[in-house]
Amino acid sequence: MMTVVSGAYNHLTHMQAMGFWLAASFVTLFVIVPGPSVAENMKCKDCPNYGGILTCDPQTCDWLLMNGYWAGNLTDGGELLICYCPIGYCTYNDSDRFIWIPRDSIQTIEAFLCNGSHRMGAICGQCQPGYAPAINSDTYSCVPCDAKDSEINWIYYLLAVYAPLLVVFLLIILFNIRLTSGPLNSFILFAQVISTTVDINQAPLNLVYGRSTNAFQKSYEIPYNLFNLNLFGNFLPPFCLHNGLDTLGAIALRYAEAFFPMLIIVAIVVLVRCRSCIKTSAKCPSIFQHYRIGSSMVHAFAAFVLLSYNRLCEISSYLLTTTSLSGHTLHSVGERLYYQGNYTVDDPSYSLRYKLPAYLMLIVLALVSMALLHYPVKWLERLVSQMSCLRKVYPTASIGIMLDTFQGCFRDNRRYFAGLYLALRLLLFLAYILPFFQTLLIQQIFFVIYILLLFFLEPYKEKYINYLDIFIFANLAFINISTWYTNNQVLSDEILSIQICIVIQSILVFTPMVFFVAYLLWYITRRYHKGTKRKMTERRHVVEKLFQRRTNAQDISLVSYNTTPYVAADGILSDTVT
């Protein structure tokens, strides 16, 4: 299980909001500073100084809560509990580093922190009555939800999420687009992790200058999220689907989005093969009668695995993420689900509905990467050869073609790198069981290891792709280092150095996008020239055939015209060419 602990970054989509890391060097959730507590009658004896509470006014007992924390009373003794608050759940101003909580608000702390976002309960994890989480919001903001609007909202949902997915994968199939080619391999990895698990970290700049950089964050998140199957839903105003849908239910519903491309592929395969399933071929749509399943379907399935893998890791991690509630003692007083605080980790309904499917999904994802690591899958081939009932289920030739789609750009003795690239996505999500700075360290180790492997082993057949991937991983490593630097410098008021670091991060995050646009233009131009050249060649062949036929016809006419039958003197009929 992924547990959000001291200093750990908790939200896997919005890496930009890191305000609550500002004091990570001296304040934690697990290693907390024991101090005076607030009395049950809430009279000010001494100031609490644990968790996200930094200081308070001893005269009024107003206390200062760091931006990004939640505080509340969940125990019978009235002990004040502190934990990190998911982005968008608690009511904060992005430009405020801290907020003052008045003394008379301690009893109504929930209303003070949660009402502004129309939430309530532990960690502001539930929507208020009449509200439901927005299905097209990455922060699952609570919006008004009326039962009479659910039908039209479902139509919006299908048009905003599933219709773009349908168009994208139909284009991949029709134009036979291969996303697993060597030059795109590292770029897609960069796009997926920079918008989920690797932090660009603009929050220090927000806090230093007192302004938000959400526009900048969206400028790279929106295009990069296309490779996480997060297409155009966020362009619509937030809307709900059903009044009874909770936050974890909205998260789990995204499993269907991730598997929808597979449904498209299966449906097309069935339509293509309908001639063999339906005796009367007239019943089969004419558009598919002469279509043959070839490399385009294989490439479409590879695109589904490549794009859905990171998305499924993200959804499963959301469902498993927990947070610890800490009081004025040195130990945690309980754990709650981070994205829906009314669930405890031992809640049977949570375990059955969300926890078990998430674990099963992570196991399946690990097996997929292992299948690409072990090529050819010799043990599976031996099993198939010994059990005749599996031969139709596991056609080794077809599986070999599929695996070759992922591994074809690598050298024969380095084909396992395709599995390493998938496994890295899973490892980056699992790294968040550690505190924040330890997470940065683990990520840095991963990036350095992959750089060394690419440099010494040179797995790609084309040498320039090795250097391209080294550049991408070095880019991620520098972004990681700058994230660490800004979080250490933000309290020292080194505004200029932080600004320079943020500018460098901005350049690094947009550089792969420039490469992708250039590669896309080159690819389209090459396909256009190839298509034009092929058409010209076909036209020339047609002209040559027509000319040859006309020449032959003229020769035949000439021979027929100059050939005269006559009867010889001896009465024998013969042909004589004059």
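Let me start with Y162, which sits in helix α2, the helix spanning residues 150-174, and please keep in mind that what we are looking at is a predicted model. Y162 is buried, because its relative accessible area is 13%, and buried here means under 20%. If we set aside the neighbours within four places in sequence, Y162 is in contact with Y157, A256, E257 and F260.

Next, the nonpolar cores. The largest one holds 118 residues, and the members that touch the most others are W70, Y224, L248 and F473. Helix α10, residues 295-320, supplies the largest share of this core, with 16 residues. Taking Y224 by itself, and again leaving out neighbours within four places in sequence, its contacts include F187, F190, A191 and I194, as well as V509, F510, P512 and M513. There is also a second, separate core of five residues, with A132, A134, V143 and C145 among them.

Finally, a pair of helices. Helix α11, residues 348-373, packs against helix α14, residues 417-430, at an angle of about 155 degrees, and their axes are 7 Å apart. That angle is why we call α11 roughly antiparallel to α14, and the crossing of the pair is left-handed. Where they meet, α11 contributes residues including L362, A366 and V368, while α14 contributes, among others, A418, G419 and L420. The residues of this contact divide into ten nonpolar and two polar, with no charged ones.

Definitions and conventions:
Residues numbered from 1 in each chain as written. Predicted model: local features only at pLDDT ≥ 70, side-chain atom pairs only at ≥ 80, totals over all residues. Heavy atoms only, no water. Axes fitted to C-alpha atoms, helices over the stretch in contact; angles between N-to-C directions. Helix = DSSP H or I, 4+ residues; strand = E, 2+ residues; numbered from the N terminus. Parallel < 35°, antiparallel > 145°, perpendicular 65-115°, else oblique. Left-handed = near helix turned anticlockwise from the far one by under 90°. Contact = heavy atoms within 4.5 Å. Nonpolar A, V, L, I, M, F, W, Y, C, P; charged D, E, K, R; others polar. Buried < 20%, exposed > 50% of the residue type's maximum accessible area, 1.4 Å probe, protein only. Core = buried A, V, L, I, M, F, W, Y, C linked by side-chain atoms within 4.5 Å.
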